[in-house]
There are 2 protein chains.
Amino acid sequence: MPTKEEFVVTPYEVKGHIDYQRLKELFGTQDLTPALLDQIRVRAGGELHPLLARGIYFSHRDLGETLDRAARGQRFFLYSGRGPSGPLHTSHLLPFDLCRWLQQKFDAPMYIQITDDEKFWVRAGLTREETYRWGLDNLADLLALGFDPKRTRVFFDTRSIGAMYPLAVDVAKKVNFSTVKSVFGFSASQNIGAIFYTALQSVPCFWPSWYAGRAIPCLIPCGIDQDPHFRVTRDLAESLGYPKPALLHSVMLPGLLGERVMSTTGDSKDNAIFLDDRPKEVERKIKNALTGGRATVEEQRRLGAVPEICSVWALWRAKFARDDAEFDEVTRGCRSGELLCGDCKSRVLVRVQDFLSEHAKRKEAVRATAESLIIEGGERSDGSGPVVRGEIPLP
Amino acid sequence: MPTKEEFVVTPYEVKGHIDYQRLKELFGTQDLTPALLDQIRVRAGGELHPLLARGIYFSHRDLGETLDRAARGQRFFLYSGRGPSGPLHTSHLLPFDLCRWLQQKFDAPMYIQITDDEKFWVRAGLTREETYRWGLDNLADLLALGFDPKRTRVFFDTRSIGAMYPLAVDVAKKVNFSTVKSVFGFSASQNIGAIFYTALQSVPCFWPSWYAGRAIPCLIPCGIDQDPHFRVTRDLAESLGYPKPALLHSVMLPGLLGERVMSTTGDSKDNAIFLDDRPKEVERKIKNALTGGRATVEEQRRLGAVPEICSVWALWRAKFARDDAEFDEVTRGCRSGELLCGDCKSRVLVRVQDFLSEHAKRKEAVRATAESLIIEGGERSDGSGPVVRGEIPLP
């Protein structure tokens, strides 16, 4: 077991107690400063998304340049992705909730990547048909968040490969085994699919520029664990003639049982609230969730609780507070000892159940049209670029 | 430099003086015995293709089983491929001349793979657009050999990837870096495209079975240097539920200047006769070709020449003798000293020039329809298998 000072964060392994300040130094990323947040707020008409305002996004690469260019009229597109291995839980929504808001505020096209190939390659016990079906299911969940279908398209790896592959071939020539070994910690027993895969995660960053034949900036909201993929992408961007993608990094939220991160598979189903959980399951999970409360009611009334270590406060913080006023009220009540854990749980439970029920309806409504957003196509017959079905929204 | 005893044969490197007997032992392949050749001859109505009769194909894997099954009514399909890095030369035709004959005699579907991605990955100084365009050009050359368009289809990697990829994903999960490192001699500085590529060379072996949902045997005529790819394929076939492909291996023919093998690129343009060479170029190359002749006419008349070390005799042997009678006559004349090298060269030159001129016409005739044979498509939307454009011929 790593000590508190030792931790590992890669797309394929997160372990130890993550020191985010140290992680920024290790990865060489930048602070998401108040000045940058102000730039976003001004552009967004005075609002700031709670995930930005509450520090869940904490780090970036080249965000300032991207916002400066946008202010001068060079718009960016958004890109984030999902490796489909099972049902989504609420933490999976972090990048997509922010993307949906940014799409609206910055009038930005959004590209969602569903990496069904990758999940099959890196996860034992899943068939390709399973990752494929979870991919379609997860996609409906993501689209149900309210992305504008006119400005949103999907790279579904095994479906979109015809349109992605020529560019992936260009990328793959620039990356060698030494690099993926050191960046992802791969050993020689890693399968050649997982080794190749990072090329496909670079593709959406460059694809709109490739398709349009001009430089279009890319902004990627994602968990900090995905940063290694995009370090590879950024390192080779210039040599391929495309802009380096900019990044916005979130922390990894703790699970309900205090485990390091929410997890889709394994024995930790109770550690997260899945979007397909029944109301009774949600109730049970929240009832059992670890909080920052004290041993007795008396002690809590006297000392207050500690929101920073509370998995229920994390739910309020990331998604379920109606607005900043409510979030501040819950936080103050928690700290002061006025709001006891049982009451807090009952309040958040209603919010979570309402969200899941509304979400299920929105998901059903988008399911029929989800597949129409998948980019399918191939290479032009002169080998000069992609030809795809349907219109591609470009900034 | 390797000594006479040291040689290397992989798809990516051929060096040293190849001892084919030793290579069979190293690779664990079987002798192409007279009994097996007889089986083919009987099935082919008493004929045997010169490449088989003259020992250019010399080794195999599972050919007996494949012929036995065919005799019992379970037909096989043929598969061979080309990595497009420039114009074809006559040695590139070895597998395809044999395939065309086998297609006719065994009523076998033929799948040609054009690996434009692979050549881009492993060859410095070629752009992806160049390997793509050479791919289309080489394909026209191959189809001009007379394949039956009704029974011939093409996997053109960057064009066919949509139809190939799901199966490649299955294969890639079963192959790790240790394997490609030991089989192909790759180092950690190898790019991740070249590392992934062997998965794509397995795909045509299994694809018809995957598409049809039943086991269809595959026979691959190829240079022995390609055997390592198919060792990987054969090792994982059973675990994926497909038949192991059978193989027929040819030697690597010596070049006109005595270099180990004909080469498409580099300084060795004079070492091979390219299908797009002008008549004057062919004349010059054959004039300069190394023979097995003696120092003087007198000596040659007295001792005879040595066909086994002659690059001109290799042309007669592999392709340009009209029939066995002519081949035997040339060989006898050479050995006895009756046929001098200058006369032999003049005779073969006419044959080569005639072939190239006829070939150019046939190539123009097939060029327009070549692309219609490329398999394009993708995965079924339930992830259960490939859906492709047009009819796929299956045995």
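What covers the buried residues of α9(B)? I will get to that after one caveat: this is a predicted model.

Helix α9 of chain B runs over residues 177-184. Its buried residues are Phe177(B), Thr179(B), Val180(B) and Phe184(B). They span an arc of only 160° around the axis, so they sit on the same side of α9(B). Ser178(B) and Ser182(B), on the other side of the helix, are exposed. Now the cover. From chain A, it includes α9 (177-184) and α10 (192-212). From chain B itself, it includes β1 (7-10), α10 (192-212) and α11 (227-240). After α9(B) comes Gly185(B), with a positive phi near 70°.

In total, 39 residues of chain A are in contact with 39 residues of chain B. On the chain A side, the elements giving two or more residues are α6 (116-122), α7 (128-143), α8 (157-172), α9, α10 and β10 (377-379). The most comes from α8(A), with nine residues. By type, the chain A side divides into 16 nonpolar, twelve polar and eleven charged residues.

Next, a helix pair within chain B. Helix α7 (residues 128-143) packs against helix α16 (residues 341-370), both of chain B, at an angle of about 120° with the axes 8 Å apart. Angles over 145 degrees would count as roughly antiparallel and 65 to 115 as roughly perpendicular, so α7(B) is oblique to α16(B). The crossing of α7(B) past α16(B) is right-handed. From α7(B), the contact uses Leu139(B), Ala140(B), Asp141(B) and Leu143(B); from α16(B), Lys363(B), Val366(B), Arg367(B) and Ala370(B). Five of these contact residues are nonpolar, three are charged and none is polar.

Last, two backbone items in chain A. Which value does phi of Asp62(A) take? It is positive, about 60°, although Asp62(A) is not a glycine. Asp62(A) lies in the loop between β4 (57-61) and α4 (63-71) of chain A. The cut-off for buried is 20 or more other C-beta atoms within 10 Å; Asp62(A) has 21 such neighbours, so it counts as buried.

Asp107(A) also has a positive phi, near 50°, and is likewise a residue other than glycine. Its place is the loop between α5 (94-106) and β6 (110-114) of chain A. Is Asp107(A) buried or exposed? With 12 other C-beta atoms within 10 Å, Asp107(A) is exposed.

Notes:
Residues numbered from 1 in each chain as written. Chains lettered and ligands numbered in written order. Predicted model: local features only at pLDDT ≥ 70, side-chain atom pairs only at ≥ 80, totals over all residues. Axes fitted to C-alpha atoms, helices over the stretch in contact; angles between N-to-C directions. Helix = DSSP H or I, 4+ residues; strand = E, 2+ residues; numbered from the N terminus. Parallel < 35°, antiparallel > 145°, perpendicular 65-115°, else oblique. Left-handed = near helix turned anticlockwise from the far one by under 90°. Contact = placed C-beta atoms within 7 Å. Nonpolar A, V, L, I, M, F, W, Y, C, P; charged D, E, K, R; others polar. Arc of directions from axis to C-beta.
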